[in-house]
2 protein chains.
Amino acid sequence: MLVKEIKELRSLIKAWKREGFTVGFVPTMGSLHEGHESLIKKAVSENDKVVVSVFVNPTQFGPNEDYDSYPRDIDKDLTLCMNAGASVVFNPISKEMYFDNKSTGVSVSGLTSVLCGAKRPGHFDGVCLVVSKFLNIVTPDKAYFGQKDAQQVAVIKRMVRDLNIDVEIVTCPIIREEDGLAKSSRNIYLSDEERKAALVLSRSLSLARKEIKNREKSVGKIRNIIKKEITKEPLAKIDYVEIVDSESLENVENIEKSVLVAIAVFIGKIRLIDNFIF
Amino acid sequence: MLVKEIKELRSLIKAWKREGFTVGFVPTMGSLHEGHESLIKKAVSENDKVVVSVFVNPTQFGPNEDYDSYPRDIDKDLTLCMNAGASVVFNPISKEMYFDNKSTGVSVSGLTSVLCGAKRPGHFDGVCLVVSKFLNIVTPDKAYFGQKDAQQVAVIKRMVRDLNIDVEIVTCPIIREEDGLAKSSRNIYLSDEERKAALVLSRSLSLARKEIKNREKSVGKIRNIIKKEITKEPLAKIDYVEIVDSESLENVENIEKSVLVAIAVFIGKIRLIDNFIF
């Protein structure tokens, strides 16, 4: 079922809650792939009702980013959601989400100034704003996010903790193509040649994981292994290669507790990200 | 009933909601007077259950403000709340409200850069943060604020609208002493002489209201009437005298639609505020 109005969604959810149903929520920007599908299926398995939002959120795109060209296909998304067992697809119109004189900002400091945040100023402010709005509209018991956007997960978890939002954040593993490329809505932009080159992301991370498993503790050495592998690929240009504390996203020098190994790489003009937590 | 732990309050409220009870919420910094009492009684008259929070919120005090010396008397507050019909007084400890590594901020721009916001940088960020936390903890149907803090009401309403927080904000009129002085927790700091001098706030606003009723449209003239009256009082020092749009808090030149006439005046070292909406 497709819902476009906040009011309609709210009354639907209130009726569910009166019946005692639990509500799961999967926020997306649409252009859904098997990664999103895995989130929806997980939510369906854990909740009585599941809301999937499909909203290309303007406030999380920078002025030179791909808001206008970001892929949109609501009919295809709706089919995927319904087949995966979602109860409602919420596809709000931008005008109802953001008033012309909107004045309120939600931001997480520290965690947002590194990794993708350092490269995309304002991006996580936009994410925090839209996610807090959605959480207030949907009031879910659990909300599902993909580990692919590892920094987003860390930021949202911090925001939920700091603002006492009564929701459990569930993180789901990265879903990959058979050859290892992490699923992404932006993969469709890749030419055949770039598609092959893009494998350098997962390949370099695999090498790093192997080294860490072999008890290599030096963050500097692991980072160099990744950088060296990426540099071999002529179509690839490193945006960042970082190894940080998986919760605070602060730099670490040695691998002692849980770390996030996260990379962002341009393949031609397309910026791709990948990561693992060890 | 006094509750100190967030977890305990949450489970109490969830039990109420399962029973179908409506919940009213009155956020306060304690040191309760008849102004707060009127909010609580209004909440009691409109809801099945009423939560009053008593929390001197450190994040809304500036470094040179009176956080440490702000009056606190939880026993007296508890008695007042219970007598007024409140169900629960929520008196959280600061450590449970704010983690050492708290990173999340909520802020409203525009409306907070004028009036008290111009004089108290960061004050409304602190208010927005704590109110959003409380609204997420209490999840009330209605929340009650005093018109005395007119700018706070405008800021909270904007935040609630922009973040889609599902609560109705109810504004209650200013409660005054018999001689006109607006009730305030800070009034107890006034010496006898200052107490008399403090009447200049309500007196100057009465003069202004009379002029506006007499169809005076010029904001400049009204402002001068107020300033002139306050200046007559030797113990008084004007902090601001402003006449603004009552919703956007933007400056207006002529009184055409609903305006907020708001003043802040130092009486000795004590800063007092008062206002009316016309």
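The model is predicted: local features need pLDDT of at least 70, side-chain atom pairs count only at pLDDT 80 or more, and totals for chains, interfaces and linings use all residues. Residues are numbered from 1 along each chain as its sequence is written.

**Annotated site**

- The unreviewed UniProt entry places a "binding site" annotation on A:Q60 and A:Q152; such annotations may be inferred rather than shown by experiment.
- These residues span 93 residues in sequence, yet no two of their C-alpha atoms are more than 11.5 Å apart, so they gather at one spot.
- A:Q60 is buried, with a relative accessible area of 9% (buried means under 20%, 1.4 Å probe, protein chains only).
- Residues touching A:Q60 (heavy atoms within 4.5 Å) include A:M29, A:E65, A:R120 and A:H123.
- A:Q152 is also buried, with a relative accessible area of 16%, and touches A:F124, A:V127 and A:F145, not counting residues up to four places away in sequence.

**Contact between chains A and B**

- Chain B and chain A each give 27 residues to the contact.
- About 2400 Å² is buried between the two chains, 40% of it on carbon and sulfur atoms (accessible area lost on being put together, 1.4 Å probe, summed over both parts).
- B:S103, B:T104 and B:N164 supply 25% of the area that chain B buries against chain A, more than any other three residues.
- There are 4 salt bridges between the chains (a side-chain nitrogen of Lys or Arg within 4 Å of a carboxyl oxygen of Asp or Glu).
- A:K14 forms a salt bridge with B:D166, with the closest N and O atoms 2.8 Å apart.

Terms used:
Chains lettered and ligands numbered in written order. Heavy atoms only, no water. Buried < 20%, exposed > 50% of the residue type's maximum accessible area, 1.4 Å probe, protein only.
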